[in-house]
Each structure stands twice: as C-alpha cells, then as structure tokens.
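This report describes selected helices of one protein model. Please look at the sequence and the structure below before reading on.

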Amino acid sequence: MRLRRLWAIVLKEVRQLRRDRITLAMIVMIPVGQLVLFGYAINLNPRGLTAAIADQSGTAASRALIMDMIATGVIKPVADADTPQQLVEMLRRGEISVGVNLPPDFERRRVDGREVAQVMVDGSDTVVQSAAAQLAQLPIDSSVAAPRKTAPISVVAFYNPQRRSPVNIVPGLIGVILTMTMVMFTSVAIVRERERGNMELLITTPVSSTELMIGKVLPYALIGLLQTSVVLLLGVWLFAVPIKGSVLDVYIAAVLLILANLALGLMISTKAASQFQAMQMTVFILLPSILLSGFMFPYAGMPVAAQWLAEVLPMTHFLRLIRGVMLRGASLWELWHDVAYLVGFIAVMMSLAVARFTKRLD
C-alpha cells in the first residue's frame, strides 16, 4: 500500500462529497436535527393540555379550585360545558384532552369530605393520563370537613382505562409503517426509471405525465391497504386492540395517508438525482413524522414551533383520525378538519410532482 495512491483516492471521495449537496446537508442536518428534536421539541411532561370545564356549582370555592388547576400549567381551558355528558362528547370528538366536572353539590361534598371533582381524560394517550393525574394531588380546603374516605379529586381515563400500551401504539404503528414504506417506495420511482434508461422510452409513449404519476402510485396504494389489514388483524388478534368506530372509516383514513405519502414520495423522486439521494431525503420526512406526530411523544408537550412543523406532516393528522375512529368511536365527519388537510395535501403534492416532471421532460 502506497500513501500517495491512497491519498489520491481520499481526495477523489472528498471532491465527490463536495459536489453532492444533499449528502453534505445530511452530514450536518441529521445530527443538528436530532439534537434539536430530542433536546428542544420532545417533552415527556406535557403542559397546556386542551381542557373543557363544567362548573355546575359556580361557587367561590369551585372557581378557586379551577384556578388552582389552571395554575399548575397542566391544562389550558379552551371551552366550557354545562353537563358531564358534553365533556364526554368533546373527548370523543377529540376537541379536548381533559374534561373537568364540578358537581352542583360541590360545597356539600367538600364539607363532607367526599369527591368534589372529576377529571375526565382521553386515555388514548397514556402520557396525557399521567400528566392529568397531577390534578388529583391538588389540596382541597377541608378545615371543616370530617376525615375523608375517598380522594377529593378523581381521574377517570376514557377509552383505555387499563393504560395498555398496545391500545395506544398499534393504531399509530399503522401510520409509521405506511409513512416509512410508501414514501420510500415512490421516492425512487422516477429516479429508478431514469437510472435504468427507461425514461426516454416513457417519453416516446402517448402516456401523459398525470397518467404516469397515477400509474406509479396505484400499485403501492394496494400494498399500503394490505399492510393496513395485516396490522389491524394482528392488533385485534394478538393485543385485543378495539375498533370502536366504523371499519370503513379506518380504511378511508388509511387511504388518505397512503395517497399523501405516495404523492410526497413522487415529489421527492422528481427532485432527487439518484436513488441514494431519494433515500437520504426520505429520512428527513420519516424522522420528524415519528418524533413530532404524537406517536412516541405527546404533542401537547412540544413547543409551539415544533407543533407548527408537526401540523405540516400527514402523519400527525392521520394519528388523530385513526385514534379517534378506533379508540373513541368518532366518525370522519366529526374529524373533518384533519380529513380536509390530508385531501388538500394530496392535491398540492400531486400537482407539484406532475408539474416538476413535465418541466423535466420539456
């Protein structure tokens, strides 16, 4: 081995890296991105959980208890309710994460040392349950009360009272698998045709850009539906994960995520110069989708900037849909905001992918 020849090869590789801007960006952005995500955006102690309050007592003591709950920073009131039933409906529709009910006989219960408040929690996120449990530890003025036989504030977890992890993980796992595979498959679709020399053949055919893009997407859409079915069947069979809503709504939500990821993958494919670059760019989508969507870490615990970024990702909206339908029994009509976003995302990404592909052909 001669150092001069070895040094020549090293210089050659360095020059190639300097020309490959995407690889250079990956070298810098991956460690910086992970540092920012894990150090800044991810918080296992969520604050500001969206809450609704039903103060049926309306006394000074009940209002003081509500102010103490808000002062903890755990909840952030976004709505009022008149009855506990309204709180349950808000939880089911995903409008709130926590509901606080103070009964009409709040004063009598406080004097008697009985339960004075009930905190209703969306149990589809176990981290939210743990955070809301802090409210049960608030002190209650009981100077005139007899010794308590029950806790003054109770926490009731809806939809996953046993706090079983598979109930929370399996629906989200559908989104992770579809995001990982769908974006990866289609991100190399156009690049692969170019590298194999088939692009010129496709250009000479009467196939339009739109037809080519849709034809590239459809086979993978069927694969995505197959993956969804496998995860659902195994989740129900092995882990007893409930499907409280419509199975049709589950598949419609899955189709929306599949098409959104396929459109995003095609957009990446029109931008990448090689399959390796396409795979590198896919990492920039997959990592934030797992960390910021609410799958692994609570959305409510993230800073505002991270939440804005999470709102751009299709995975975030799919998680709200799939957990709402499977665990809370909500309908897609009740979750129409997330449905509308995914539809718009698909339209925009497909239009951009077709436009960029047409421009390349020209």
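## Annotated spans

In this predicted model, residues 250-269 are 100% helix and 0% strand, and the end C-alpha atoms of this span lie 28 Å apart. For residues 281-300 the distance between the end C-alpha atoms is 27 Å, with 60% helix and 0% strand.

Both spans come from the UniProt annotation "transmembrane region", which belongs to an unreviewed entry. According to that record, the annotation also covers residues 21-42, 169-191, 217-238 and 339-358.

## Helix α11

Helix α11 is formed by residues 247-271, 25 residues in number. From the first C-alpha to the last, α11 reaches 37 Å, close to the 36 Å expected at 1.5 Å a residue. At the start of α11, Ser246 places a side-chain oxygen within 3.2 Å of the backbone nitrogen of Leu248.

## Helix α10

Helix α10 takes in residues 209-239 and has 31 residues. Its first and last C-alpha atoms are 44 Å apart, close to the expected 45 Å at 1.5 Å a residue. Just after α10 comes Ala240, with a positive phi of about 55°.

## Packing of α7 and α14

Two packed helices are described by the distance between their axes and the angle between them. Helix α7 (residues 165-187) and helix α14 (residues 314-326) have axes that come within 9 Å and cross at roughly 145°. The crossing of α7 past α14 is right-handed.

On the α7 side, the contact is made by Asn168, Pro171, Gly172, Ile174, Gly175, Val176 and Thr179. On the α14 side are Met315, Phe318, Leu319, Ile322, Arg323 and Met326. By type, the contact residues of α7 and α14 comprise eight nonpolar, four polar and one charged.

Conventions
Residues numbered from 1 in each chain as written. Predicted model: local features only at pLDDT ≥ 70, side-chain atom pairs only at ≥ 80, totals over all residues. Heavy atoms only, no water. Helix = DSSP H or I, 4+ residues; strand = E, 2+ residues; numbered from the N terminus. Expected span 1.5 Å × (residues − 1). Polar contact = N/O pair within 3.5 Å; in protein donor to acceptor, adjacent residues only side chain to side chain. Axes fitted to C-alpha atoms, helices over the stretch in contact; angles between N-to-C directions. Left-handed = near helix turned anticlockwise from the far one by under 90°. Contact = heavy atoms within 4.5 Å. Nonpolar A, V, L, I, M, F, W, Y, C, P; charged D, E, K, R; others polar. UniProt positions renumbered as here; feature names shortened; annotations may be inferred.
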